[in-house]
Amino acid sequence: AKVADVVKCCASCGIAEVDDIKLKNCDDCDLVRYCSNGCQEDHRLQHEAMCRERAAELRDELLFRQPENSHLGDCPICFLPLPLDTNKYV
C-alpha cells in the first residue's frame, strides 16, 4: 500500500483522521498521532520508551548529517573555501 493510502488513526483510541478530526503528531518522534491531549496522556506509558529511542535517533541524524553542498576545496577545520590555485599563494 502507498503511504498516502494508509489510514491515519489515533494511537490511543484508534479513531481515524477524517475531515472534522485532525490528528496531531507526537512532538518528539513523529511516529504516532493523537486526536487529543487526553489520548496522548493515556498512551504515554506505552509510547515512552519507543519515543525516547526514536527522538535520540532523530537528534543523532540531525547532529551528524553531512553538509548537502560540499566543496572539495574547503578547509577541513573552518570549512571556508580554499583558493583553487594553491601554487599561486605559496
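Trainee: In which segment is Gly 14 found?

Mentor: Gly 14 lies in the segment before β1 (24-25). This is a predicted model, in which local features need pLDDT of at least 70 and side-chain atom pairs count only at pLDDT 80 or more, while totals for chains, interfaces and linings use all residues. Residues are numbered from 1 along each chain as its sequence is written, and side-chain values use heavy atoms, with hydrogens and water left out.

Trainee: Is Gly 14 buried, partly exposed or exposed?

Mentor: Buried means under 20% relative accessible area, exposed means over 50%, and partly exposed lies in between (1.4 Å probe, protein chains only). With a relative accessible area of 40%, Gly 14 is partly exposed. Of the 90 residues of the chain, 16% count as buried. Gly 14 and Cys 39 are 25 residues apart in sequence, and their C-alpha atoms are 9.7 Å apart in space.

Trainee: How many disulfides does the structure hold?

Mentor: A disulfide is a covalent bond between the sulfur atoms of two cysteines. The criterion applied is a pair of cysteine sulfur atoms within 2.5 Å. The structure holds zero disulfides.

Trainee: What does Asp 30 show in its phi angle?

Mentor: Most residues other than glycine have a negative phi, and most peptide bonds are trans. Asp 30, although not a glycine, has a positive phi of about 60°. Asp 30 is placed in the loop between β1 and β2 (33-34).

Trainee: Where is the kink in α1 centred?

Mentor: The bend at a residue is the angle between axes fitted to the seven residues ending there and the seven starting there. In α1, a kink of about 70° is centred on Arg 44. The expected span of a helix is 1.5 Å times one less than its number of residues. A straight helix of 27 residues would span 39 Å, whereas α1 spans only 30 Å between its end C-alpha atoms. Arg 44 itself is partly exposed, with a relative accessible area of 40%. Its C-alpha atom is separated by 9.1 Å from that of Ser 12, 32 residues apart along the chain.

Trainee: Which residues of α1 are buried?

Mentor: The buried residues in α1 are Cys 39, Gln 40, His 43, His 47, Cys 51 and Ala 55.

Methods:
Helices (H or I, at least four residues) and strands (E, at least two) are DSSP runs, numbered from the N terminus.
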